[in-house]
Amino acid sequence: MIGPLIQALLEGLPENDRATFIHSALNAAAFDNVSEISIALDLGTLHSDKSTEKLLIENIADSVSKGHVDDILSTVDERDSFRHKLLQCIVERLCSLTGALAAPLNENVVLSFPDVILPAYTDGNPNQFTDQVQLSATSFLNIIDRLFESSLILAAVKQEDVCVGAQHTLSLMISRGLDISERNQDLFRKAILMLSTVDSPTHRRIGDDLWLQMALSNPAILGPCIDSDYWKILIKGLRVGDDEQRKKCLGIIRPSVAIAASSEELRPSICSKTNAALPVIIEHYERYCTVFETILLGRYLNQVIECEPELTMLSFSSSAIRPEWLYAVLSAVLACATQNSTRKFIGNWIMSSNFQPEASDDFVAFLEQSFLPWVTQGALFTSTLKPSDDAWRCEHGDRLVGYVLQLLCANAGTDIGNALVTAVLSAIIGKRTGQFAYAGVYLLEGVGRAFDESNGTVVTAEHMETIAQLAAWSELPEVARDYVTVRCTKMCWDYTSRNGPCDSTARVSSDWQTVQSRILNGKAAGPISSWISQSSKRDRKEIETLEKIDCFLANASDGGTVSAPEANAFLEDIWTDLEYLEWPKKVLIRYPEVLFHSSIAKLLQPSEELCTTVTNKLHVLQQLAENRTYLLPPVMLKMRKIIPEAAQTLSISGFVLRQTEQLFAPTVETRIEVATISLLINVHPLLSPFGYEYYFGQPPSAGVAALLDIVSRLGPKHAKDVLDNLLPRWVMQKTPPLTISPWKSSLQLQIMLLCCEEVCPELDEPQTVKMLNDLHYVLSIEPLPRYRYLLNWMIARIYLHRPHLRSKILQDLSTKDHHSNPKYLASLMKIAAMLATAVTGDEEFANQISTSFVPLAASSKVVIRHEAQWQFPILIDHAKAQGWTSITQSPAFLVLDEYIRSLARYDDPPIERKLDVLDPVKDHTLSNLVAGPWFGLDHVERPLCSRDDFVSLHSEHLPKSCIPLGEPLPPPPIATQESSPPTQDQDQDQDLVPSTYTSTRALQTKGTAYLAQTPRPRRSVILIASFISSPSNLGGLSRAGEIFGISELHVQNQNITTSSDFRSVAVSSHLHLPIHQLSAANVAGFLAEKRDEGWRVVGIEQTDRSHILGREGEYIIPEKVVLVLGSEKGGIPAHVLGECEDLIEIPQVGVTRSLNVQTAASIVLYEYARWHGS
């Protein structure tokens, strides 16, 4: 309607005045809304001449620069001719502008970052118009070429909105496949390479985006710029870029490699193998990109592990990948931003595979800048310290030594070999002033072993000068300092012997002669490093204190006497020296010899002052031993010699309790020091005497053995004090108790067992019954197998002492409730069988036990049924051996015995059955207590001592122990499986090893159901979890239910979904699954309603009528089903079982009571999905 109105107005004006009117109107218009723009366009169309058209285009172009792009585009959309003229005007303005920024535009132009604020475009961006206008590939080629050129220039200015608009324009032109002149192609190549290397993140992103877009749409344009610098930019982006930049680099690499591999001239830039075929090069780089994406962008450790064969293949000499690409991915992985588990796996792979694809400066740079900073981190050493007999070893350190050894020997005598040695020595020097000096120790060991194996050819005189300086490295703990001393001095000696003396090694090499002389002459005492250096004032004071102790002991041995005041003064004097010297190890180890000397022990009772002094010093020593485990053996071994005479005076029961509460473990510093001992003694055969005992005295196991020996000789009074303090803690623990708790340990139960053995004969009947009831309660709640074994042992021994109390077991075994605590009932059967088959067992009790086992052998609970079926044949065999006819001639017993022996698993019992065997009489020995096969029941703790630690203790004339030493134990039974379960320590830091390499490149992925455009239909499955209270179990059910597509989940309280424990397991599954509230009391009624609606109600429970799930031809879960789950302890209540039309259970092979409820539900849901499809 506007057009005719304007036309009528114009027709009313004289012809000569129309142009003036239109120009005035165009100049007055603001061009900031659709109406004004439309009117202006109609005026220009109705009176078209060059001046009017020019004025109109200029004014609209000004409006574009002010940001009114959308209004203008909507108005000129159908005016093709005007739109193109407007575009031409804007492009000319851009060219004029960019000509001022970077002129002249020619092949030698260098794009820079002009510090320019564009005054003509402060309110808007001209590229916003060129970004959206419809371009034609067949028209206005000159405009397009000039626009491309101008946009490249503008992409490099500092004003971000301008350069972003320029990027959009360029992206549009590239995506449309418009022709680009050769001149602009060259300019584009220069621009993107420059933009991708600048410091500005915005411009770097623009350069990468344009580079990637061109590589994907028209990669041939990039061919002329592919050279070594081209690849270096991509490698740098992979190595130090963020995730987005790395993705773009990988996207550029694929087409760029195809171009380079197709050109004989460019192929050497990506492949060092001149005979490599084109498909091989492309395939290897595709593998490389996949590996990079998986390791650094995917980040799932299991997928990283699966990449190991591919990574190994790419590092082979036959690989088409140039080594610098491998350095890029490995450097990126080892950087701090990568998660530790991935860094650890890849770093260990580098060492285990002896990674060195080439001998080049690039490899040395990778080692120096990426690998060595990672591999020398202290946490890698301390987390891989593993116990080995009474010593420790550092697995990471051993791997590092092996890798350094291989590298240096493989490159010995070459320039690269010398550079590698220099890099390693520089890292060692850095550790002198940096963190975790032990990393330098292990690096030095690698250099030292390479030196020995290569006969010194791996080092030069300059290297030996550095090694000679290291010999004076004094800022180290004792063992490490001694190691560095002997390793460096021996290397200098060997180098001098082969190459003649030189200034840097002559003095240090003579120090090795001093070390050898001291050892051969029997003068080895104190730190080795002190033999070749001047002693300090502190060292002299320490020697003086040790001489005082020697003098006192020598006087006492010669029959000299000492008074209580003199003894007290001497103890205080030595103690003052200890405090002044800050607790030196040598003096601390010797102090208990004086503190618990027999001459002083005799004075404790009459001298209250001396008694107080000894007690106080004992307490402090016990505190010091928390961080100095080497102090435990001397304290225990010396103190046990004055027990039980001084037990009351020194409050020995309190000491024992504190020791069990604070089970001392060696500190990390002690462990790494002990691990260093093995390095030291391997330097030279003469150093073999410098083992653990030289530096730390007797091993900690000797201290634990002495502690147990003290407890075994305490006597009833002190043993009862200990037991009265320990047992209530186990009784009062919160239920359900934690499987592993910081305050519980096997040592506590071992001490309790010894105390029970001493106390039980002295207790009256009520006290015995109470103790027995407490132990039964602890057994009923304790989940850990090793703890249950020791509790069974204690209970069985009490019944042996008080056989008339065995009626309690018979009473408990007669229960009809097999659901409330089946594991406890199984333990009672075990104890009963122990008592019946012990040497003190009688026929009547055995007959009663056998009778009670008959119904238990048919229990609906698997754990009870299995235990009864295992123990019953043992009872029958014992009855036959004893000639108990009431048992051996019972037809019911014989038939049951025959049936049990016919079962498939009877002749091949699980390893736990063999480890769990206990005869409370024959196996009641210290040998079994401290290192019996029962330690293999789980892998929470290692034995703290062995029988050998007790042999010398039991040879001394001390009060009789409450438990015999026993004969050496036979080797523990071995599992029939191919491999045994790892110990806890092994499992924590075990190297992850992938499967054997195959040609497949399949990598693990997560589920992709969330990518579906429409919701998937849910299955006709309702899950009833109203009897379950654990938030984590309910979270697991939500997760499994949502994944398998159930229709509803019913819980006791719908608010459980707000629990952090629930959400930590459920993740976001509860947001995609209907969860309804259904109280436990209403479950039966709900099931009845659903049954009437045609649903099949199925309970998941172990009963005597349950169908075995998954057995062929046995049972198929109905398609429309309500699945009922029971509580964690009690299962499905009886009244709800009555509402279930079918009951199912999951077949089990092991003896564990049952699966976790969420695991069981997941198996059932999987079985349902298997039958009824997706």
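1. Sheet order. Seven strands make up an open sheet, and they run in the order E5-E4-E3-E8-E6-E9-E7 with parallel pairing. The edge positions go to strand E5 (1075–1077) and strand E7 (1107–1108). Each has a single partner strand, so one side of each lacks a neighbour in the sheet. The model is a predicted one.

2. A pair inside the sheet. Strand E6 (residues 1096–1100) and strand E9 (residues 1142–1145) are joined by three bridges, in the parallel sense.

3. Overall make-up. The protein has 55 helices and nine strands. Its chain holds 1174 residues, of which 52% count as buried. The accessible surface is about 52300 Å². Carbon and sulfur atoms hold 52% of that surface.

4. Contact range. Consider the contacts with a separation of 6 or more. Residues 24 or more positions apart supply 76% of them.

5. Helix H26, length. This helix covers residues 506–520, which is 15 residues. At 1.5 Å a residue it should span 21 Å. The end C-alpha atoms lie 22 Å apart, which agrees.

6. Helix H26, buried side. Which residues of H26 are buried? They are Val508, Ser509, Asp511, Trp512, Val515, Gln516 and Ile519. They sit on the same side of H26, because their arc around the axis is only 145 degrees.

7. Helix H26, surroundings. Arg507 and Leu520 are exposed, on the other side of H26. The cover over the buried residues of H26 includes helix H24 (461–470) and helix H25 (478–499). After H26 comes glycine 522, with a positive phi near 70 degrees.

8. Is cysteine 945 buried or exposed? Cysteine 945 is buried, because its relative accessible area is 6% and the cut-off for buried is under 20%. Cysteine 409 has a relative accessible area of 28%, so it is partly exposed.

Methods
Residues are numbered from 1 along each chain as its sequence is written. This is a predicted model: local features need pLDDT of at least 70, side-chain atom pairs count only at pLDDT 80 or more; totals for chains, interfaces and linings use all residues. Side-chain values use heavy atoms; hydrogens and water are left out. Buried means under 20% relative accessible area, exposed over 50%, partly exposed in between (1.4 Å probe, protein chains only). Helices (H or I, at least four residues) and strands (E, at least two) are DSSP runs, numbered from the N terminus. Contact means heavy atoms within 4.5 Å. Accessible areas come from the Shrake-Rupley method with a 1.4 Å probe; for residues, only the protein chains shown count as cover. The expected span of a helix is 1.5 Å times one less than its number of residues. The arc is that of the directions from the helix axis to the C-beta atoms. Two strands pair if DSSP finds at least two bridges between them.
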